[in-house]
Amino acid sequence: MSEKKEILKLSGINKCFGNVVVAKDISLTVVSNELHALIGPNGAGKTTLIKMISGELKPDQGVVMLLDRKVNHLSEIARVNRGCIRSFQVSSIIGSMTVFENILLAVKQKRSILKMLFRKFQSNSSESSFVYQTLNQLSLETLGTKVASTLSHGDKKKLELAMALAMGPKILLLDEPFAGLDQAESSRLIELLKSIKKNMPIFLIEHDMQAVFALADKISVLNEGEIIESGSVEKIRRSKLVQNAYLGGDL
Amino acid sequence: MLTEKKFNLIIVLGIFTFSLIGYVMSEPYFITLATKIVILGIAGCALNLILGFGGMVSFGHAMFFGVGGYVAAISAFHSMNGESIDLIFFDFNGSSQMLFNWFLAVIFSMFFALLVGSISIRTSGVYFIMITLAFAQMTYYFSVGWTKYGGEDGLSTYVRNDLFSINTMLPLNFFIICFSCLCIVGFILNWVINSNFGNFLKGCKENEEKMISLGLNPYTLKLTAFVISGAITGLAGALYVDLNRFVSPTSLSWQTSGELIVLVILGGSARLFGPLLGAIVFILLEQFLGEVTENWQFWLGVILVLIVLYFPKGVSGLFIKD
């Protein structure tokens, strides 16, 4: 078996908004080809943590390591360019453009301003085949010419994921990708993420426990800004601490 | 309904034909009207790059229009009276060459746009509107107090600048010069809008957060668009000075900034030549409604309200299919 490499490592992360503590000494690691899920009740500080990983917020204390490099000082954009790609709770796409164009934006993002100015927004043959390959991977191939704003909620989520994948991420940060999906869409997304996690690490924030248990290799439970338990799916299922703090009953 | 390409072609040919009719009928006034439409259209299209495609409502674009105008006028003024400007390293004697004065106008406008944009683009929404207005008002009051160049009374250049051996004082010749500039500006803006840059700029307008998550810096994208827009507006300002052979602080005033926004809204934002149609409607209303009533601006206001309410894509939205 190949050795697991640490892709993301958080050590002693603390964050306060005024007197409110939103992250208390958080440490966790995401290794290659692993899906690490973070669960917790509303207001536990999950999205704040993802914002600190992506660089939108700076931690008051602690270290964020990406691919063995400290990235605390790096901006959100610099972290994206190092492969830390994020999706949002509410689907974040460019609604006025077609599905194809949305993915093409993600493909063409690594260009200087001058190159951007002097190149037409059109795909060459290799870019086209890459975009269609990504569309196929997410079963969006029939929707390429559709305007993104007209897609169903589930397809918008898939498009956002497709954009993230098209950027060649080193790690995916997914913030509640199952929110608002029906049963059938959730099942399809579970299968999709199962295939994606074989090739890249995923840090997943999710409320849908069925999805988390189906996908996660490791789960951390966040409550009031503190990780109260971390481990395998079975360990979390059996943890009395988690049941009391989070679910108030059996998992 | 027309495709946007056909619409652009019809608008451009329409203006050209209008000018030719003026020439055939020996009505230079028609040609001057067409020239004014073309110049204001250039400024409107430039503003539209940041307003329609970038979502930045600049209420200070008259600053670049005025700066371009003043730079061209000052250069022409010094060339005319033979008095040089001491620029530390060399004495500048001014120039009566259109191309050189346009170049100066574009460079100065770019510099101002870079300066103002680098500060303004850190804000958004109503703050962006107010900060661009504040910068424009600063230049306006500076020009009012700049008595060396006419202060409140403005500066006359008496004759038009030269371009090769063309007699620029002939209305049709000057119209063709401005019309050529419009075609070049149209080509450049069309290129920018359809480039990767233009599409990322549209992305910024719609979802700035997404652009950041794609690893792009919206600030750089918006500033670049702001500088391009400022430069083209400066060129329009220089042409306007040549048209009138006069520049005054009015060209830097908030009313001029407002008029440029009106052109964009009237014609339709997010369309390449929407503001050009806006300029046609605006100038024709000013001329023909102005003959009927002194309060033509009141009726312009009514039309503007109706357009905003019922035709959010502007007058061009009535002709162009999506």
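At what angle do helix H7 (residues 196-206) and helix H9 (residues 218-244) of chain B pack?

**Before selecting anything**

This is a predicted model, in which local features need pLDDT of at least 70 and side-chain atom pairs count only at pLDDT 80 or more, while totals for chains, interfaces and linings use all residues. Residues are numbered from 1 along each chain as its sequence is written, and chains are lettered from A and ligands numbered from 1 in the order in which they are written.

**Stop 1: the domains of chain A**

Colour residues 1-83 and 170-251 of chain A as domain 1, and residues 93-168 as domain 2; such bounds come from an automatic or database domain assignment. The C-alpha centres of domain 1 and domain 2 of chain A are 26 Å apart. Their contact draws 6 residues from domain 1 of chain A and 6 residues from domain 2 of chain A, where two residues are in contact if their C-beta atoms, placed from the backbone, lie within 7 Å. On the side of domain 1 of chain A that touches domain 2 of chain A there are 4 nonpolar, 1 polar and 1 charged residues, given that Ala, Val, Leu, Ile, Met, Phe, Trp, Tyr, Cys and Pro count as nonpolar, Asp, Glu, Lys and Arg as charged, and the others, Gly among them, as polar.

**Stop 2: the open sheet of 4 strands**

Next, select strands S2, S1, S4 and S5 of chain A, which in that order form an open sheet of 4 strands with antiparallel pairing. Strands (E, at least two residues) and helices (H or I, at least four residues) are DSSP runs numbered from the N terminus, and two strands pair if DSSP finds at least two bridges between them. At the edges are strand S2 (20-31) and strand S5 (69-70) of chain A, each of which pairs on one side only. Strand S1 (residues 6-17) of chain A is joined to S2(A) by 8 bridges in the antiparallel sense, and A:Glu6 has A:Val31 in S2(A) as its bridge partner.

**Stop 3: the open sheet of 6 strands**

Move to the open sheet of 6 strands in chain A, ordered S6-S7-S8-S3-S9-S10 with mixed pairing. Strand S6 (84-87) and strand S10 (226-231) of chain A each have a single partner strand, so one side of each is left without a neighbour in the sheet. S6(A) pairs with strand S7 (residues 171-175) of chain A in the parallel sense over 4 bridges, and A:Ile85 stands opposite A:Leu172 in S7(A). At S10(A), strand S9 (residues 218-223) of chain A is attached through 5 bridges and runs antiparallel, with A:Leu222 opposite A:Ile227 in S10(A). The hairpin of S9(A) and S10(A) has 2 residues between the strands, and A:Glu224 there takes a positive phi near 50°.

**Stop 4: where chain A touches chain B**

Show both chains and select their contact, which takes 23 residues from chain A and 21 residues from chain B. Helix H2 (76-81), helix H3 (99-107) and helix H4 (113-118) of chain A each supply at least two residues of the side of chain A that touches chain B. That side of chain A has 12 nonpolar, 5 polar and 6 charged residues.

**Stop 5: helix pairs of chain B**

The opening pair, H7(B) and H9(B), packs at an angle of about 115° with the axes 10 Å apart; axes are lines fitted to C-alpha atoms, for helices over the stretch in contact, and angles run from 0 to 180 degrees between N-to-C directions. H7(B) is therefore roughly perpendicular to H9(B), since angles under 35 degrees count as roughly parallel, over 145 as roughly antiparallel, 65 to 115 as roughly perpendicular and the rest as oblique. To see the contact, select B:Phe197, B:Phe200, B:Leu201 and B:Cys204 in H7(B), which meet B:Pro218, B:Leu221, B:Lys222 and B:Ala225 in H9(B). This contact has 7 nonpolar, no polar and 1 charged residues.

The contact of H6(B) with H9(B) comprises 10 nonpolar, no polar and 1 charged residues.

Finally, select helix H2 (residues 28-51) and helix H11 (residues 274-292) of chain B, whose axes come within 8 Å and cross at roughly 135°, so H2(B) is oblique to H11(B). Their contact divides into 10 nonpolar, 6 polar and 1 charged residues.
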